[in-house]
Amino acid sequence: MNHKVLSLTFLLALSVMANAEDKNPPSPEVMKRGQAVYSRTCIACHQPTGLGIPPVFPPLAGSEWVAMGPSVAVRNILHGMTGPVSVKGTTYNSMMPPVAGLSDGDIADVVTYVSNSFGNSGAVVTEDEVKAIKAKYADRKTPWTAEEFQKDSK
Ligand code: HEC
C-alpha cells in the first residue's frame, strides 16, 4: 500500500470507530441513575410514560425537541422554557420552571435517560458536556423559547 492509501484507510477506520462510539447505548448504570433523577424531578409533569398530559405538559416520548440533541433538554433544566411550543402537532403555551438541585452528573444522567427511553434513541451525555453547555450559557437568566432552540440547538 502506498502512503496515501494507507493514511486514507487509517482515517476511515478512525471515523468508523468514532461513529461506533456515538452509537453506543448508555450503560445500565447510567440509565438506572437517570431514571431515579427522572422520577424525582420530571415525572410529575412529563409522566412515567414520557407522554406528558396534552395539552398542558408536552411529551418527551417522540419529541422533536429531544431529538434535536441534548443541549435543548439541558438548557430547559438549567433555565426553563416558555411557550408557545409545538410538540408532535400539539401547541403548548405554558412554562417549564428551571429544575433546581441537580448536579451536573444528575443532569447528564437524566438527559441521557430521556434521550434513550420512551422509544427515543439519542446521545449519551457526559458530565463534561453538561459543564460546557452550562459555561456557554452562564449569562442566561430567562427561560428559553422554541424559536431560540430552532435557531441554535447546540
Ligand atoms: C412543573 C412541570 C415540569 C417539570 C417538573 C419538568 N418539565 Fe419539562 N416541560 C414542562 C412544560 C410545561 C414544557 C413546555 C413549556 C412551554 O410551553 O414552552 C416542558 C418542556 C420540556 C421539553 C421540551 C419540549 C418537549 O416536550 O420535548 C423538554 C426536553 C423537557 N421539558 C424536559 C424536562 C426534563 C428532562 C425534566 C426533568 C429534569 C423536566 N422537563 C421537568 C413542564 C415540566
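**Exercise 1. Find how far an oxygen atom of the ligand is from a polar backbone atom of proline 59, and then describe the other residues around the ligand.**

Step 1. An oxygen atom of the ligand is 2.7 Å from a polar backbone atom of proline 59, and this pair falls under the term polar contact, which is a pair of N or O atoms within 3.5 Å; within protein, one must be able to donate a hydrogen and the other to accept it, and residues adjacent in sequence count only if both atoms are side-chain atoms. The model is a predicted one, in which local features need pLDDT of at least 70 and side-chain atom pairs count only at pLDDT 80 or more, while totals for chains, interfaces and linings use all residues. Residues are numbered from 1 along each chain as its sequence is written, and side-chain values use heavy atoms, with hydrogens and water left out.

Step 2. A backbone N or O atom of glycine 83 lies 2.8 Å from an oxygen atom of the ligand, whereas asparagine 76 places a polar side-chain atom 3.4 Å from a nitrogen atom of the ligand.

Step 3. The ligand is surrounded by 24 residues, and the closest are Cys42, Cys45, His46, Ser63 and Met96; a residue is counted here if one of its heavy atoms lies within 4 Å of the molecule.

**Exercise 2. Decide whether cysteine 42 and cysteine 45 are buried or partly exposed, and state how many disulfides a search of the whole structure finds.**

Step 1. The classes rest on relative accessible area: buried means under 20%, exposed over 50%, and partly exposed in between, with a 1.4 Å probe and protein chains only.

Step 2. Cysteine 42 counts as buried because its relative accessibility is 14%, while cysteine 45, with a relative accessible area of 32%, is partly exposed.

Step 3. The search of the whole structure finds zero disulfides, a disulfide being a pair of cysteine sulfur atoms within 2.5 Å.

**Exercise 3. Work out how far helix 6 reaches and what covers its buried residues.**

Step 1. Helix 6 runs over residues 104-115, and its twelve residues reach 16 Å from the first C-alpha to the last, close to the 16 Å expected at 1.5 Å a residue; the expected span is 1.5 Å times one less than the number of residues.

Step 2. Twelve of the twelve residues of helix 6 are buried, and the cover includes helix 2 (28-41), helix 4 (64-67), helix 5 (70-79) and helix 7 (127-136).

Step 3. Aspartate 104 belongs to helix 6 and is buried because its relative accessibility is 12%; apart from neighbours within four places in sequence, aspartate 104 is in contact with Glu127, Val130, Lys131 and Lys134.

**Exercise 4. Locate the cis peptide bonds that join proline 54 to proline 55 and glycine 83 to proline 84, and describe the phi values of glutamine 47 and phenylalanine 118.**

Step 1. Most residues other than glycine have a negative phi, and most peptide bonds are trans.

Step 2. Proline 54 and proline 55 are joined by a cis peptide bond with omega of about 0°, and proline 55 lies in the loop between helix 3 (43-46) and helix 4. Another cis bond joins glycine 83 and proline 84, with omega of about 5°, and proline 84 is in the loop between strand 1 (81-82) and strand 2 (85-87).

Step 3. Glutamine 47 has a positive phi of about 75° and is found in the loop between helix 3 and helix 4. Phenylalanine 118 has a positive phi near 60°, and its place is the loop between helix 6 and helix 7.

Conventions. Helices (H or I, at least four residues) and strands (E, at least two) are DSSP runs, numbered from the N terminus. Contact means heavy atoms within 4.5 Å.
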